[in-house]
Amino acid sequence: MAGQGTAVLELLEERPEIDLVLCPIGGGGLLSGTVTAAKGMKPGIRVVGVEPAGADDAYRSFKSGAIVPMMNPQTIADGLRGMLADKTFG
């Protein structure tokens with residue numbers, strides 16, 4: 001997760017005026033790293049996790065308070081077919 005945050009660090013170094021980052025959610029590592037790094041650099045920034053409606057296990061998990069696996073994700077975005085884990089869900 002920590003290594004994943006470098007992408008947003010580079011983005012904010014190039015474009016410090018950004019105040020909103022949309023981040024895809026697959027297994028949750030990229031979002032975890034993005035939030036940690038972005039908030040560390042710019043505490044007021046807003047980071048929003050996004051995923052396709054046909055592969056919305058993170059949304060369902062967030063709403064239920066527990067990991068809800070997606071058995072047959074419907075998306076062409078292969079990177080968003082990952083499943084959340086205890087570390088990334090937390």
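Buried means under 20% relative accessible area, exposed means over 50%, and partly exposed lies in between (1.4 Å probe, protein chains only). The views below show a predicted model, in which local features need pLDDT of at least 70, side-chain atom pairs count only at pLDDT 80 or more, and totals for chains, interfaces and linings use all residues. Residues are numbered from 1 along each chain as its sequence is written, and side-chain values use heavy atoms, with hydrogens and water left out.

**View 1. Salt bridge between Arg15 and Glu17.** A salt bridge is a side-chain nitrogen of Lys or Arg within 4 Å of a carboxyl oxygen of Asp or Glu. By this rule the count comes to two salt bridges. In the pair shown here, the N to O distance between the side chains of Arg15 and Glu17 is 2.6 Å. Glu17 is partly exposed because its relative accessible area is 48%. Arg15 is partly exposed as well, at 46%.

**View 2. Salt bridge between Arg60 and Asp56.** The closest N and O atoms of Arg60 and Asp56 are 2.7 Å apart. Which of the two classes, buried or partly exposed, applies to Asp56? With a relative accessibility of 13%, Asp56 counts as buried. Arg60 has a relative accessible area of 44% and is therefore partly exposed.

**View 3. The largest pocket and its lining.** On a 1 Å grid over the protein atoms alone, a pocket is an open set of points with protein on both sides within 12 Å along at least five of seven lines, whereas a cavity is a set of points where a 1.4 Å probe fits but cannot get out; lining residues have an atom within 4 Å of a point. Grid points are joined across faces, edges and corners, and a volume is the space filled by probe spheres set on the points. The volume of the largest pocket is about 410 Å³. Its lining comprises 16 residues, of which Ile25, Leu31, Gly49, Ala58 and Phe62 are the closest to the centre. At least two lining residues come from each of helix H2 (29–41), strand E2 (46–50), helix H3 (57–64) and helix H4 (86–89). Helices (H or I, at least four residues) and strands (E, at least two) are DSSP runs, numbered from the N terminus. Ile25 is in the loop between E1 and H2 and is buried because its relative accessibility is 9%.

**View 4. The largest cavity.** The whole structure has one cavity of 30 Å³ or more. The volume of the largest cavity is about 30 Å³. Ala55, Asp57, Met70, Pro73, Leu80, Arg81, Gly82 and Met83 line the largest cavity, giving five nonpolar, one polar and two charged residues.

**View 5. Nonpolar surface patch of Leu20, Leu22 and Val50.** Patches are made of residues with over 30% relative accessible area and no salt bridge, with like charges joined within 9 Å and nonpolar side chains (Val, Leu, Ile, Met, Phe, Trp, Tyr) within 5 Å. Together the three residues have about 250 Å² of accessible area, computed by the Shrake-Rupley method with a 1.4 Å probe; for residues, only the protein chains shown count as cover. Leu22 belongs to strand E1 (residues 20–24) and is exposed, at 57%.

Terms used
Ala, Val, Leu, Ile, Met, Phe, Trp, Tyr, Cys and Pro count as nonpolar, Asp, Glu, Lys and Arg as charged, and the others, Gly among them, as polar.
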